[in-house]
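Please examine the structure shown below.

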Amino acid sequence: MTAAERLTDALYGMGWGTVKKLPEPVAVRLGDSLADLAWKRRGKGVRRLESNYARVLPDASTERLRELSRAGMRSYLRYWMESFRLPAWSEQRVRTGFAPKDLHHLTDGLASGRGVIIALPHLANWDLAGAWVTTELRTPFTTVAERLRPETLYDRFVAYREGLGMEVLPHSGGSAFGTLARRLRDGGLVCLVADRDLSASGVEVDFFGATARMPAGPALLAQQTGAHLLPVTLWYDDTPVMKGRVHAPIEVPESGDRTAKTSVMTQALADAFATGIADHPEDWHMLQRLWLADLDPAKGPS
């Protein structure tokens, strides 16, 4: 483990060990202060956030993008403050911390016995939404986590999410897809963050007027297992309660081969994600390159 990796692991460990003990108002103020400090320093993540917001709002002025990036960093730090504190929240606090709309799409899908795939973008706090599902709906689910370095940090994230009632599979290794398919065939629930492809072999989609690549997994799982595929978008408002929407199911096209069907379904996912991001851009925590033109610095902004 390098010195930087040891420091990263120690900082996350301090967050889970210390922040969860703070009174909630203190944690909120700490998150806002850290967000404002990072925003003022204008590091690579903040600049990338503004560049991504410029894709979402191409007519926004520089001043508007700066306002958005400050709100975006506060939203991002709210996610982390909540995540550090979630293991210490009571069941009642979890139940009252999230208020989703159109929940019938999920409950009807689960009742059908066909299995349900929830696909989300990096909006607001997907961990809180997951904890709400396991607590309020009493429904366990399976998800996939990116392998992080150092390995001890990945282990912390797995332990954290398993403590919230999730089954966590590693993204790498090749066995995750088969396990997810088995869970769905058994009528289970699978939740996947799906607005950024980690494999470099995803599906090209039109996203806010430019080409991006998103993972094929959700669409392929739905085709292979017959499970319902539901986009979900999340957002914060000026209350302590996160809001969300369960979108209508994305159906498998009746015609076309598997590649064509996957393309159509993944584009439909991207369109649903875009509606939620356009309505609440400051809650989209995309501090990395996403669009293909941005992945090659010669083709677009850095």
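The side chain of N52 reaches the backbone oxygen of Q288 at 3.0 Å, a polar contact (a pair of N or O atoms within 3.5 Å; within protein, one must be able to donate a hydrogen and the other to accept it, and residues adjacent in sequence count only if both atoms are side-chain atoms). The model is predicted: local features need pLDDT of at least 70, side-chain atom pairs count only at pLDDT 80 or more, and totals for chains, interfaces and linings use all residues. Residues are numbered from 1 along each chain as its sequence is written, and side-chain values use heavy atoms, with hydrogens and water left out.

- N52 belongs to helix 3 (residues 44-56); helices (H or I, at least four residues) and strands (E, at least two) are DSSP runs, numbered from the N terminus.
- N52 has a relative accessible area of 0% and is therefore buried (under 20% relative accessible area, 1.4 Å probe, protein chains only).
- Leaving aside residues up to four places away in sequence, N52 touches W284, M286, Q288, W291 and D294, where contact means heavy atoms within 4.5 Å.

**Strand 2**

- In strand 2 (residues 116-120), five of five residues are buried.
- V116, I118 and L120 lie on one side and I117 and A119 on the other, and both faces are covered.
- In a regular strand the side chains alternate between the two faces of the sheet.

**Neighbouring strands**

- Strand 2 runs parallel to strand 5 (residues 189-193), joined by five bridges; strands pair if DSSP finds at least two bridges between them.
- I117 has V190 as its bridge partner in strand 5.
- Four bridges pair strand 2 with strand 8 (residues 228-235), also in the parallel sense, and there the bridge partner of A119 is P231.

Definitions and conventions. Buried means under 20% relative accessible area, exposed over 50%, partly exposed in between (1.4 Å probe, protein chains only).
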